[in-house]
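Here is a short tour of one protein chain, from its overall build down to a few individual residues. Have the model open as you read.

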Amino acid sequence: MIWKAFYSIVYEDVLPMQSWCLHVLVICALRGLIHQLWNSYSNMLFLTRNRRIIKQGVDFKQIDTEWHWDNFIILQGLIASMACYLVPYLQDLPVWNAKGLITSMVLHVGVSEPLYYWVHRQFHANDFYQNYHSFHHSSPVPQPLTAGNATFMEHLILTVIIGIPILGSTLMGFGSIGIIYGYLSVFDFLKCLGHSNVEVISHKLFEKIPFLKYLLYTPTYHTLHHTEMATNFCLFMPLFDALGGTLNQKSWELHKEMSLKAGVNGNVPDFVFLAHVVDVSSAMHVPFVFRSFASIPFSIRLFLLPFYPPGIVVCLAMWAWAKTFLITFYNLRGRLHQTWAVPRYGFQYFLPFALDGINNQIEQAILRADKLGVKVISLAALNKNEALNGGGTLFVNKHPDLRVRVVHGNTLTAAVILNEIPKDCQEVFLTGATSKLGRAIALYLCRRKVRVLMLTLSTERFQKVQKEAPAEYQNYIVQVTKYQAARNCKTWIVGKWITPREQRWAPSGTHFHQFVVPPIFHFRRDCTYGDLAAMRLPDDVEGLGSCEYTMDRGVVHACHAGGVVHFLEGWTHHEVGAIDVDRIDLVWDAALKHGLKPVSSSKVHSL
């Protein structure tokens, strides 16, 4: 069809406005855009969290079920193409006909609305529901994309219902291109509105114009149909439910309740993971940009390229005006866990003039969490950088009366890395050796009589770490200054990025454990590479529908998991600054007790 549109315009001198192929393609794209924009708005939790009707999250199962939500657009596009071939008159419609507007509205209200109402009620009969309509209702949380999630038969019936006003007005001689564009756009807009799970229509509108509530449904009205399926069958006009005796009596009361709650803070999270944006491409890996893309581990995709220019504009705008905002949430054992994002990108953490602003953003997020009554806030990645704020120490010292517990989660990160190391290991090579994590790993391993080759040029920093070890184990910590020193060591723990050239010094069969961001290149085919420290959330997690950066579904970074464990255990101390080596095993055991699972190895090693 794309080729047909191109050929007719270029080689047959057909004007774009006269190319029916082009119109079909543009209409299909427009309909997809309407659904995408509604879906983006619905998932902008920083705007809609207090307007959400069903509070639970959209999980991976629902996203997978709705993966091919756009099949109806393709089907109806093909049917429209066939109609243009079979009825040549459709190819010569005027741009606009005012009479067509009136005709299509009369046909919609007089034919499409009652027909849809009757068919919809039939689809809720036992056989039809089980064989067909139950698929649409399998989504527990209505979303704009749920509107297109139906069986082939339902798509065909809806095509007829949509086609009646368009074809009817055309056959009467009042058809126009504008009516087709307008009717389909309004139809899809209202379908997405009803499935948005976000109440956007004020109850005051119906108080001023009471009869309007019978002419236009609301998201609350249609959500009641999804939760109490014996009522509210209408397409867009509740008038037909009123006439058919199927209008849910709670519809207006619940709508008013949801409308009044729009400006009131909703459920307070018990746990917050405070993340930040990595780069422009990963900024699109969120549910309110592309829900399906956010539901799989992040990787660079070609379809993202056209979005880079606006992505850069968004980056600058966030730098100038944005505050910390809500990205995603899930529930664990009846408790609300949220991920907030500091509106800063990874590169900004390395700009000296930007550091004060970043710390201010983090501090304001912590104070906001404290005011709301959050129990634990866990700092992600660069938000706990030692040079930035001492791993969170800055905020705890500045605000000694904080009720929220500030956690860097690095104790569990260290535990994950250490439990990946085989129990028979006798020597490791450690880069990033004097960092917060490197120090803890070195001190832990030396107590287990594992020789640690610490790569560092600073003798002072090395000796500071070495002196923290018990006297009888200090000789297990050895300073090295070159990668050549590890040419016989097959266990590398990488805490500072290393180049492919530096990897050459590792002997064949080496395994690279790592806690460096971004991960190192998998350069050596004769070696193996571990993932970043991570853990799988417990099996009873609910409403989780997005992946955390490059992590698999249900897997979170170890610092995130560390905060979860801190909350589940009810610990009352802040976990900031240097890692307490004596607590590494304690935190690890607590994580396993609460159902978190290691993901880098199918077998848990114990040193």
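A residue is called buried here when its relative accessible area is under 20%, exposed when over 50%, and partly exposed in between, using a 1.4 Å probe and protein chains only. By that rule, buried residues account for 53% of the 607 residues in the chain. The model is a predicted one, where local features need pLDDT of at least 70 and side-chain atom pairs count only at pLDDT 80 or more, while totals for chains, interfaces and linings use all residues. Residues are numbered from 1 along each chain as its sequence is written, and side-chain values use heavy atoms, with hydrogens and water left out.

**The whole chain**

The chain holds 24 helices and 15 strands; these are DSSP runs, H or I of at least four residues for helices and E of at least two for strands, numbered from the N terminus. Along the principal axes, the C-alpha atoms fill a box of roughly 95 × 60 × 50 Å. Take the contacts (heavy atoms within 4.5 Å) between residues at least 6 apart in sequence: 68% of them join residues at least 24 apart.

The exposed surface comes to about 28,100 Å², with carbon and sulfur atoms supplying 61% of it; such areas come from the Shrake-Rupley method with a 1.4 Å probe, and for residues only the protein chains shown count as cover.

**A buried aspartate**

Now go to helix α9 (residues 177-194), where you will find Asp 188. Is this residue buried or exposed? Asp 188 is buried, at a relative accessible area of 2%. Leaving aside residues up to four places away in sequence, Asp 188 touches Arg 31, Ile 34, His 35 and Phe 72.

Most residues other than glycine have a negative phi. Ala 381 has a positive one, and so does Lys 449. Both are set out below.
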